[in-house]
Amino acid sequence: MVKVPTQLVTWDDIVNWSQGLANVIKKAGYRPDIIIAVSRGGYVPARLLCDFLLVENLISLQSQHWTEAAKVAEKAIIKFPYRVDLSGLRALLVDDIVDTGDTLILARDFIISEWKPAELKIAALQWISPVAKIKPDFYYIEVKEWVWFQYPWTRLEDTIQFLRRILREESGSKKVWTAQELKDRFLEYYGIYVGDTYFNLALETLVETGYLAKSEEKLYIVK
Ligand code: ADP
């Protein structure tokens, strides 16, 4: 049993899923004048939907979780609440996945009250139905059991976080690692492998940022 159920998503998957999502939107008869990407996860799907739906207008809004100092609870915020007039336009808000739905609900409410489009619908490649507080108008995949989707646009970021978790959790008993030991443990924890390029880049980054030291014998030492 892996510790964190994780699925590796490829660029080809993303193109196929985006095309599938575009078909769902077309079949429903919705013709958006403008697409709004939820930054950052919605960028690539939004750009692909512009292509598959032949939409020229693409803007974005950054809505993300923010850990307040000294608080465990996280709150979603609109990071740059700029104003734009969308009156008279049919808009489509696009994200990669609806997990809790918190960031998307916040983005939707902000757009309706501040940008005032004629109509706003929501599309996501994936919808985690048992946990989401909101059901998107259009989705391509319904996920019935929670999984972390390792999307291609967060491969380095995720790999660094994944490695940090291993190093942290094992630090009581192990502080010196070979690259191979870390690779093996990565597979045990997450059940996937991200490929040598990303794996090595993540290790190099952890050394550069001072989290790990690398010895002449190519051992990685937790600082
Ligand atoms: P929402 O459910 O409103 O999308 P979350 O705060 O749960 O908001 O997620 C914000 C972003 O975090 C998502 O758009 C996605 O980029 C990333 N994310 C959340 N859950 C997952 C998951 N299970 N797999 C991959 N990425 C995720």
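1. The C-alpha centres of domain 1 and domain 2 lie 32 Å apart. The protein is divided into domain 1, covering 10–146, and domain 2, covering 152–222, with bounds that come from an automatic or database domain assignment. This is a predicted model, in which local features need pLDDT of at least 70 and side-chain atom pairs count only at pLDDT 80 or more, while totals for chains, interfaces and linings use all residues. Residues are numbered from 1 along each chain as its sequence is written, and side-chain values use heavy atoms, with hydrogens and water left out.

2. On the domain interface, eight residues of domain 1 are in contact with four residues of domain 2, where contact means heavy atoms within 4.5 Å. The two domains bury about 490 Å² between them, 67% of it on carbon and sulfur atoms; buried area is the accessible area (1.4 Å probe) that two parts lose on being put together, summed over both.

3. Across this interface the rule finds one salt bridge, defined as a side-chain nitrogen of Lys or Arg within 4 Å of a carboxyl oxygen of Asp or Glu. The elements that give two or more residues to the side of domain 1 that touches domain 2 are helix H1 (11–27) and helix H2 (43–53), helices being DSSP runs of H or I with at least four residues and strands being runs of E with at least two, numbered from the N terminus. By class, that side of domain 1 has four nonpolar, two polar and two charged residues, with Ala, Val, Leu, Ile, Met, Phe, Trp, Tyr, Cys and Pro counted as nonpolar, Asp, Glu, Lys and Arg as charged, and the others, Gly among them, as polar.

4. Arg40 deserves a separate look. The side chains of Glu157 and Arg40 meet in a salt bridge at 3.2 Å, N to O. Arg40 lies in the loop between strand E2 (34–39) and H2, and a cis peptide bond, with omega of about 5 degrees, joins Ser39 and Arg40.

5. Around the ligand there are 18 residues, of which the closest are His65, Asp96, Asp99, Gly101 and Thr103; a residue is counted if one of its heavy atoms lies within 4 Å of the molecule. An N or O atom in the side chain of Asp96 is 2.6 Å from an oxygen atom of the ligand, and a polar side-chain atom of Thr103 also lies 2.6 Å from a ligand oxygen atom. For Asp95, a polar side-chain atom lies 3.2 Å from an oxygen atom of the ligand.

6. A search of the whole structure finds twelve salt bridges. One of them pairs the side chains of Glu169 and Lys3 at 2.8 Å, N to O. This pair links distant parts of the chain, with Glu169 in helix H4 (residues 155–170) and Lys3 in the segment before strand E1 (6–8), 166 residues apart.

7. Lys116 lies in the loop between helix H3 (102–115) and strand E6 (119–128), and the phi of Lys116 is near 50 degrees, a positive value in a residue other than glycine. Ser129 lies in the loop between E6 and strand E7 (138–143); leaving aside its neighbours within four places in sequence, Ser129 is in contact with Glu142, Val143 and Lys144.

Key: Polar contact = N/O pair within 3.5 Å; in protein donor to acceptor, adjacent residues only side chain to side chain.
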